[in-house]
Amino acid sequence: MRRLLIAVAVLALAGCSARSTTSPSGDKPSASASDSAAAADFGTLRHVCHSGTVKASTAQGVTNSEIKVGVFSDVGFTKNPEFVDAAKVFTSWCNDAGGINGRKLVPVTHDSKLVEVRQRMIEACRSDFALVGGGAALDGMGVKDRLNCLLPDFPGQTSQAIGADLQVTVQGAATGYSPYGGYFSWLLKEAYPDSASSVGIIAGDSPVVKPITAQDKETLIAAGGKITYSDLYPAQGVSDWTPYAQSIKNKKVKGLVFLGDFASLAKLEQVLTNIGYAPDWIDANSNAYGPAFIQLAGPALAKQANFADLGGFAPLEDSSNPATKAVEDLYKKYAPDAQVTLPALKAFSSWLLFATAAGDCAELTRKCVYDNALKQTAWTGGGLQAPMDLSSPTVPPKCFDPVKATAKGWVAADFKPDTGAYRCNVTPYKFKGTYAKPLTLADVGKSLADLK
């Protein structure tokens, strides 16, 4: 979900084979990944990784024994290694089971350090077979170079670059549609219908966030909301949130969308609580989804109703989901000190997609892997997410699953799911405003015919 990297961007700019390629959703559940690494089954996916007899390949980054795969991360700036950890866990498990038809996966971390995306992309273009399971807050800086060198991308997370050519994202790009149409509609029409008369939005002041703010406003209005408050806060931080809290109270904001870092949101909510005001709901966004926000918000959670939409990914708290449990078990084995996060689950699903697509190539080429990934019309990552049609970047978003913050942690909201843990019977909202379009191969003078 594209708002996950907002906080990073705000802070930065302040300082700166045998298997079928059809959908796995119909497969019978198999043993979890933790039950038998040698079999390399994962949830509903069978034989994700295994040994085999390789056929010679002339593709960049591929030898008879290895596949070099790039992983983007802002770890040098954020100190958050979640994409690096996910790559380590997946490739260790996959390689132990024989790799991709006998070839070992070699993950190469490209530390973009927030503002060095283009430099790292140029390096990746020189050596990698593909990009998998990574993310950078300013990822848009590297798209032209990636398309120029025809480098496929299976990202764990996107911010600016979602929907660009040669990219397959496991949650779907949903180009031209709001990813939060169903979620906002639920908040305004079902959960808190009285809140529609006064909705506010506050965001960190940065060029990266402004188009997302505009899109959220359009989506809220289309869902029946009336925007009565809109403000920006300095990207470098706020020493006193009282003026913002007082404005929210004076405007009688009943629903508040917050776009920024969760530490700032926690401070704002503490001030709101101190002045005796609480909106009906606050969209903390999935950036806040985790234990850190719960700890920072503290007593304010008793008064403030915080929600986040996971966009059709399984909640980490759902211990009944075998796929989530499998990821946790693999982390315990291969990276016991690492934390499983929502971006980590997305990255893991991206690795599974890449491995599934690559394993079905008799001859390993970029074109074969990319084409195979597009054949997935109900991708679930073995059970990590709601079914998603990956065949086109313009497929509308289908599912949402909001969670609520409580003093004891995040819990599933009462949103009446209709497809397992998700709600997918929603009417997508197509943007009517004019926003930047994703880059295409034609923009760099190339076409799919150039992909080999």
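Contact here means heavy atoms within 4.5 Å of each other. Helices (H or I, at least four residues) and strands (E, at least two) are DSSP runs, numbered from the N terminus.

This is a predicted model, in which local features need pLDDT of at least 70 and side-chain atom pairs count only at pLDDT 80 or more, while totals for chains, interfaces and linings use all residues. Residues are numbered from 1 along each chain as its sequence is written, and side-chain values use heavy atoms, with hydrogens and water left out.

Thr-242, Tyr-244, Ala-245 and Ile-248 of α8 touch Leu-268, Val-271 and Leu-272 of α9. By class, that contact has six nonpolar residues, one polar and no charged. For the classes, Ala, Val, Leu, Ile, Met, Phe, Trp, Tyr, Cys and Pro are nonpolar, Asp, Glu, Lys and Arg are charged, and the others, Gly among them, are polar.

How do α8 and α9 pack? Helix α8, residues 242-250, and helix α9, residues 262-274, have axes 9 Å apart at an angle of about 60°. That makes α8 oblique to α9. Axes are lines fitted to C-alpha atoms, for helices over the stretch in contact, and angles run from 0 to 180 degrees between N-to-C directions. Angles under 35 degrees count as roughly parallel, over 145 as roughly antiparallel, 65 to 115 as roughly perpendicular and the rest as oblique.

Next is α3. Eleven of the 15 residues of α3 are buried, meaning under 20% relative accessible area, with exposed over 50% and partly exposed in between (1.4 Å probe, protein chains only). Among the buried residues are Phe-83, Phe-90, Trp-93 and Cys-94. The elements covering the buried residues of α3 include β1 (66-73), β2 (104-111), α11 and α12. After α3 comes Gly-98, with a positive phi near 115°.

Now α3 with α12. Their axes are 9 Å apart, at an angle of about 40°. That makes α3 oblique to α12. On the α3 side the contact includes Phe-83, Ala-87 and Phe-90, and on the α12 side it includes Phe-348, Trp-351 and Leu-352. The residues of this contact between α3 and α12 divide into 13 nonpolar, one polar and one charged.

The axes of α3 and α11 come within 10 Å and cross at roughly 90°. That makes α3 roughly perpendicular to α11. Which residues of α11 does α3 meet? They are Leu-330, Tyr-331 and Tyr-334, and the α3 residues include Asp-85, Lys-88 and Trp-93. The contact of α3 with α11 has six nonpolar, one polar and four charged residues.

Helix α11 itself covers residues 322-334, and its 13 residues reach 18 Å from the first C-alpha to the last, close to the 18 Å expected at 1.5 Å a residue. The expected span is 1.5 Å times one less than the number of residues. The buried residues of α11 include Val-327, Asp-329 and Leu-330, and the buried residues of this helix pack against α3 (82-96) and α12 (342-359).

Last, a single residue. Is Ser-178 buried or exposed? Ser-178 is buried, at a relative accessible area of 2%. Ser-178 lies in the loop between β4 (153-154) and α6 (181-191). Leaving aside neighbours within four places in sequence, Ser-178 is in contact with Thr-219, Pro-397, Tyr-429 and Phe-431.
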